[in-house]
Amino acid sequence: MLGWPRRLPALLLIGLLLPCAIVVIFTAAMNLQETDHYAAIVQSGNPSGVDSISSGQQLSGQSSTLRHTVEIRRPTGPPRVITTLKDASGEFVTVACSTCHTTRPPNHQNKSVRELDEFHSGMAFSHGTVSCLSCHNSEDYDSLKLADGAPVEFTSVMTLCGQCHGPQLKDYQHGAHGGMNGYWDLTRGPQQKNNCVDCHDPHSPQFPHMKPVFKPRDRFLEQSGTEH
Amino acid sequence: MANSRTDAVRSYPGFLWWGLGQATNGGLSFYVWMFVLTAISLVGANAWAHQVAEGMILTNMTDHVSWGLYIANFTFCVGLAAGGVMMVIPAYLYDDEDMHKVVIIGEAVAIAAIVMCTLSVMVDLGRPDRFWHLIPVIGRVNWPVSMLTWDVIVLNGYLLINLHIVGYLLYMRYLGRKPNPRWYVPFVFLSILWAISIHTVTAFLYCGLGGRPFWNTALLAPRFLASAFVSGPAFIILVMRILRITTGYSAPPGPARTLIQIIRVSMTINLIMLASELFTLFYTGGAHSASAKYLFFGSHGHFGLVPWIWTAIVCNLVGTALFFMPNALERGSIRIVACVLCIVGIWIEKGMGLIIPGFIPSTLHEIVEYTPSLVEWKVTAGIWAFGFLLLTVLLKLIATVFASEKSGTALERVSE
Amino acid sequence: MTPHKTTNGQDPNESANRRSAEPLLPILEAPSTRRTVLKTVGAALGLAAFGEALSPLMVVPENMSIDEFLQQHYKELSDDDKQRIFSRLEAETKERFGAEVKIVDPKPIPGVRFGYAINVSKCNGNGKCMEACNRENNHHRGVDQSYIRVLEMSKGSMDMEHGSTTFDHTVPQDDKFYMPVQCQQCDNPPCVSACPIEATWKEDDGIVVVDYNWCIGCRYCEAACPYHARRFNWEPPEIPAGEVNPNQGYLSNRIRPQGAMEKCHFCLHRTREGRAPACQEACPTGARVFGDLNDPDSDINYVLKNKRVFVLKEELGTKPSFFYYFDS
Ligand code: SF4
Ligand code: SF4
């Protein structure tokens, strides 16, 4: 019994340190087991780029696996303008853009909606410094045109947008723009994606403002506690 | 007398049964006391039953403040249990004769406190019916990684050790035999280590969480120990005073003085650590101090905990000052007031002042405040009442055994 | 023992003194006295009162079968056990919610590790992901529970202290950006280390799941998670029969029992079948990118390699599988 007082500090230390030591050992052990996926990512190969949106083909890396398609929703075609006339069945008559535009001279300088009239008056336009005829084809108003003057169909609008918005197109091709529905794993099922004009009005492409739709109501949030 | 008794009942269960009978004997005021405690326990049990049946929705805890009064109270009770060791150390390590006579009171307090801890955890569970999942072998415990598993193990271990020590010593006395040191001294030393580790592990429970900056400090475990060595001895001093008033048993003045010396040192250390903690938090500022700012001064228009913590600070400071008055060493009301103040101060400091602000602001820095619901208060009161019930029975049993062995003087040296 | 002691109203000191002065009688020798009788009566009354106090508990055995009570940990269940349990749960759902559901247990796809990224430049805080989560995962409708919270952050600061989740105005605001937070499926998950009974663990594809029938509801994991990703079932969930999603995973979106913990599971009942998580499909801005971290050609790896990516609270060492990036 007499020896104990001298050992008191040591005893206390053990009492304190023992749990600590054990915790440390096991924490270390746990850390050793962990895989570091950041490292794995850096080592892995290059992205194959555009391939991932190519449809129905077999990729070299996964030779025997059939890949399902990425279905990109397409615009229906050249827009039709609704007139005030009705046809026999009571529907409004629609006309193609070219119906009017073939008879009018194009104004290559116009960059402002103020100078537009008839169907186009009141249109919102906010798309940088491009003019109407940067994209609309003055040779054939039922199609669009690329920067080099080559015509492009309304249904292929992404090619047109992609000329200027290359980074977005690249992101899009890699699933990092535009969102998706369906399967992340194309070996198991198809994917559906929007095209540019599904989300962006080409004349005013900024994504629209929204009202938040949903808010979890955590307990007591309304009564005693609120957030700042 | 003793001989005829040893002939009659030799078995340990028999002794326990006899003890229960003795422990429930008493005067009218004793019965009133027991009746009131039972009634409060029943109110608590009923509130808990409702909570289990209808869901934890009856508490005011939320996904933001996911631990509340129960765990706060748990933390305090662990300290209480660990504090009993401050009688064991002088008695066994320093062979303090007088302390030896009353050390069993500390052990009884430890037992009652551990039972309160276990109950506090129990009522905090969303699925108490699955409690068996925590039992090694039949359940599936995440040992050694989870600090909570450690805590469950060390708490139950501490309970068993103390039950063994107290039970063995009393039984030997009851049989009129001399306790064999081989059978309890090793356990006493184990219990010293264990008492320190229950509180260390309980502190690790909180300070191991990196996502909670307010808890994530190396000072937490030492602070827990220091405050435990205040609240434990203070509580024991109160118990001895109550014993003196109700049973007339008057302990030698030495142990209480030793305890007060211990309190003086521990409380000073506790306050120094608190101060250095606060310095680091407030001088550095930044995200780490968000909880402390909310706790002490309120933030973003929320002041829920401000009255609590300042009450605690005032209680602690005044209590400490009183303990340092020279006549705190004499019998009198000063030390009693000081004990009560320190107990209240530490209860708040470790509960509403430590557990709750760890959750406010939340990990996404949302401020959702917390005040315990009526159900929580009822259950907590029930746990305390049950703890007192248990403590009363234990002390009664101890007094009876001691008194019956040697009539006249009551509590006596337990060993040697 | 003298009978008058039972009913005395004396000074306690006096009675105590006398008690210690006279030797106490062992109970076996004591005749049946008034005190013994009173004690017995008292004990009986006490027990009765105890039973009465705990009577609300009677609903528990009514609602729980022995099978459920004794159910083992998920990892110890055989396929037969699982089938039995799934049918039991389906029947319970039918009875309680009036909905026909199918519970399945898809396993991780070998070699796949899931990652998720959010484009903070795109996210506009509209909250459709939270709504989709609520619907997909059979969340309690009473509190519009969701695993996702969207923070509105001030431009110029990454400090969540300056963020808010309760914004209710047109979004996006010019001086704000938006940051949804959900379970980060940490590679070093503090929640898993915390759980005392292994009720929550990390699966091979990186998803941290909870066995809702093993969790005891101690909420230690909720305290341990640095991302406020965990949700506790404070009360039994309520979902109108017509809104119950019938395609349920045992470890994911089946209706959770009261008193258990739950969390985002990357819609494993969908993603392990190759489908996109519900929140990704619901996002109108295309801010969410999901995929296989082990596949070098996956969308998620494109983001990690080509964008400036960050994770939340990286200093905590949790190693999230959830990433954020800006593209302008
Ligand atoms: S985010 Fe939270 S719940 Fe999710 S794995 Fe990490 S610690 Fe666990
Ligand atoms: S609440 Fe459930 S999952 Fe979380 S730590 Fe406790 S037992 Fe584990």
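**Stop 1: the two ligands**

Select ligand 1 in the viewer: 14 residues surround it, and the closest are C:Cys183, C:Gln184, C:Cys186, C:Cys191 and C:Cys225. A residue counts as near a molecule if one of its heavy atoms lies within 4 Å of it. The shell of ligand 1 consists of 10 nonpolar, 2 polar and 2 charged residues. In these classes, Ala, Val, Leu, Ile, Met, Phe, Trp, Tyr, Cys and Pro are nonpolar, Asp, Glu, Lys and Arg are charged, and the others, Gly among them, are polar.

This is a predicted model, in which local features need pLDDT of at least 70 and side-chain atom pairs count only at pLDDT 80 or more, while totals for chains, interfaces and linings use all residues. Residues are numbered from 1 along each chain as its sequence is written, chains are lettered from A and ligands numbered from 1 in the order in which they are written, and side-chain values use heavy atoms, with hydrogens and water left out.

Select ligand 2 next. Among the residues around it are C:Cys195, C:Cys215, C:Cys218, C:Cys221, C:Arg219 and C:Met261. The shell of ligand 2 divides into 9 nonpolar, 2 polar and 1 charged.

**Stop 2: a loop of chain C**

Select C:Asn138, which has a positive phi of about 50° although it is not a glycine. C:Asn138 is in the loop between helix H6 (128–136) and strand E3 (149–154) of chain C. Helices (H or I, at least four residues) and strands (E, at least two) are DSSP runs, numbered from the N terminus.

**Stop 3: chain B**

Select residues 253–284 and 333–355 of chain B, which form helices H10 and H13; the two pack at an angle of about 40°, with their axes 13 Å apart. Axes are lines fitted to C-alpha atoms, for helices over the stretch in contact, and angles run from 0 to 180 degrees between N-to-C directions.
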